[in-house]
Amino acid sequence: MVELSKDDADLYERARAVAARAYAPYSGFAVGAALRAADGTIFSAVNVENASYGLTSCAERNALFAAVSAGSRHLEAIAIHADAESVPPCGACRQVLSELAPEMRVIWRRAGVPVVSALADLLPERFVL
Ligand code: THU
């Protein structure tokens, strides 16, 4: 298993810290995401659920939207944390992340420890127009 760089390990700790702010009264599954741009800026976000369940927005997408809204499109890595054994990003988030940052790294929790994957390995053959 590849050891995380200090930057990636720090990013993962940011995702872990922000997860406490999740609004997840329906699932009880609090997720934090921290996204690092090329200039070092970190955008962190949480999942935000809704009584109309399908309107729920995942932490990863919220982090991406915050970065784009701040004018940041050069995105290097995203880390995701939830208090569960394994927390890979969902398929919808993989597609949305790949729109702007197909070459980014994803730091995610697998079997209780953070690991790093290329987004392209998590989502081969992404949909493009
Ligand atoms: N969730 C995320 O925030 N990110 C993921 O990659 C998977 C799922 C959220 C959505 C919902 O609020 C809760 O986790 C349970 O699915």
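Author: Gladly; what follows takes a few labels in turn and sets each against its definition.

Author: This is a predicted model, where local features need pLDDT of at least 70, side-chain atom pairs count only at pLDDT 80 or more, and totals for chains, interfaces and linings use all residues. Residues are numbered from 1 along each chain as its sequence is written, and side-chain values use heavy atoms, with hydrogens and water left out.

Reader: What makes E1 and E3 paired strands, and in which sense do they run?

Author: Strands (E, at least two residues) and helices (H or I, at least four) are DSSP runs, numbered from the N terminus. Two strands pair if DSSP finds at least two bridges between them. Strand E1 (residues 31–37) and E3 are joined by 7 bridges and run antiparallel, so the pair meets that definition. One of the partners is His81 in E3, bridged to Gly32.

Reader: And how do you know that E1 also pairs with E2?

Author: By the bridges again: E1 and strand E2 (residues 42–46) share 5 of them, in the antiparallel sense. Arg36 has Ile42 in E2 as its bridge partner. The hairpin of E1 and E2 has 4 residues between the strands, and Gly40 there takes a positive phi near 95°.

Reader: Why is E1 called largely enclosed?

Author: Buried means under 20% relative accessible area, with exposed over 50% and partly exposed in between (1.4 Å probe, protein chains only). In E1, 7 of the 7 residues are buried, so the rest of the structure largely encloses this strand. In a regular strand the side chains alternate between the two faces of the sheet. Both faces of E1 are covered, with Val31, Ala33, Leu35 and Ala37 buried on one side and Gly32, Ala34 and Arg36 on the other. Strand E3 (residues 75–82) is largely enclosed too, because 7 of its 8 residues are buried.

Reader: What makes the crossover from E3 to E4 right-handed?

Author: E3 and strand E4 (residues 105–110) run parallel, joined by 3 bridges. The chain crosses from E3 through helix H3 (residues 91–100) to E4, and this β-α-β crossover is right-handed: with the strands pointing away from the viewer, the path from the first strand over the helix to the second runs clockwise.
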